[in-house]
Amino acid sequence: MTPVLSQLIRPEIADLEPYTPIVPLEVLAARLGLPVEQIVKLDANENPYGPAPAALEAIHRTATYHIYPDPEQTALRSALASYTGRPIEEILCGAGADELIDLVLRLIINPGDAIIDCPPTFGMYRFDAGICGGRVISVPRRADFSLDLPAIERAAAQGAKAIFLTAPNNPTGNPLPRTDLLRILELPILVVVDEAYVEFAEPDHAPIGASDLLDDYPNLVILRTFSKWAGLAGLRVGYGLFPRWLSEQLWKIKQPYNVSVAAQAAAVASLNAMTELRRRVQAIVAERERLFARLSEVACLTPFPSVANFILCRVNDRDAHELKLALERRGVLVRHYRTPLLDGYIRISVGTPDQTDTLLATIAEVVNE
Ligand SMILES: Cc1ncc(COP(=O)(O)O)c(C=O)c1O
């Protein structure tokens, strides 16, 4: 591109590292020379049981795909109001929780404004802040992955506008203690609690997470998703619980048709299929405990306790990326991050019992190679 044209690009975007997209399953299967059905996909915290049959039926039954979706997501938001016990005015849906992270940041970040990020954690907060030209004040977690509260307080004093807290945290799987959250909520910043995995921490009832604090803390936002517990990652639907002063502004910048007709129908049907979906979540939680026990017996891995649907493992005495690649060549996908804080770790999503067995047999094969 000529220098003149490249100057059209906003400098904060030109300076941004490109996002590394995941390799689509079909492409990877072809590369490995394996049928797609043979791939054990434990790298993206997806739900191995897929959508509820009722969600698939709802998609099939819907006859309005030639009409734009309801921009106010009325049926879905009213179902979510019953599910969460929050007023409909405080609920807004997005094309995944990812879109809501982006919307919140676009609402509050001017170039040069700062957010607090507590790595290792989900990467989109940092990524989306960068797109807005925001600065990221990094407050790394302690060795046990707990939050460094004094450092967070110092970062807030530097004028950060918001903090993003993942609860349970991805990829470490640990919960956010209530005492930590209460202390952070006293800071004069927006506190976004990303509860993408909360259903796996509270598998026996509609999750509460931090939602019981919303009435007392006008600086609290909660983000959730249908991608994990409801198995709708491919449809892209999430929701947020916002204080009214914020939701009123978010409505102004949300794309009107951000959640598709199919996604809205499937999400409503999922909320109506709660008993079945909760049974699946409970099966995943039971499998998480079995997987943890079995991984603890593998000499080259140290798994960390998790209340989510994945387990982070430290890889001992060998290169974590090499281990990930060796598993991948055999059709088992786990996640490795090329970041200094996580270079020696892999994250394994909890799958079905059969997938756990294949994973463990494949690890044994690689280790004994
Ligand atoms: C912590 C966290 N938040 C949000 C998301 C994205 O959710 P969604 O699929 O709803 O965009 C993920 C996905 O992995 C996640 O791990």
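**Ground rules.** I worked with a predicted model, taking local features only at pLDDT of at least 70 and side-chain atom pairs only at pLDDT 80 or more, while totals for chains, interfaces and linings use all residues. Residues are numbered from 1 along each chain as its sequence is written, and side-chain values use heavy atoms, with hydrogens and water left out.

Helices here are DSSP runs of H or I with at least four residues, numbered from the N terminus.

I looked for pairs of N or O atoms within 3.5 Å. Tyr 197 places a polar side-chain atom 2.6 Å from a ligand oxygen. For Ser 227, I found a side-chain N or O atom 2.6 Å from an oxygen atom of the ligand. Lys 228 has a polar side-chain atom 2.9 Å from a ligand oxygen. The ligand taken alone exposes 400 Å², of which the protein buries 92%; the areas are Shrake-Rupley values with a 1.4 Å probe.

**Cavities.** I searched the whole structure and found 2 cavities of 30 Å³ or more. A cavity is a set of points, on a 1 Å grid over the protein atoms alone, where a 1.4 Å probe fits but cannot get out; lining residues have an atom within 4 Å of a point. Volume is the space filled by probe spheres set on the points.

**Largest cavity.** I noted about 60 Å³ of space here. The lining includes Tyr 83, Trp 229, Met 274 and Arg 278. Helix H13 (residues 274-296) gives the most to this lining, 4 residues. Domain 1 (3-49 + 275-368) and domain 2 (53-273) each contribute at least three lining residues; the bounds come from an automatic or database domain assignment.

**Second largest cavity.** I noted a volume of about 50 Å³. Among its lining residues are Arg 141, Phe 145, Asn 174 and Asp 180. By class, the lining has 5 nonpolar, 3 polar and 2 charged residues.

Terms used. Polar contact = N/O pair within 3.5 Å; in protein donor to acceptor, adjacent residues only side chain to side chain. 1 Å grid on protein atoms, 1.4 Å probe; cavity = no way out; pocket = protein on both sides within 12 Å on 5 of 7 lines; lining within 4 Å. Helix = DSSP H or I, 4+ residues; strand = E, 2+ residues; numbered from the N terminus. Nonpolar A, V, L, I, M, F, W, Y, C, P; charged D, E, K, R; others polar.
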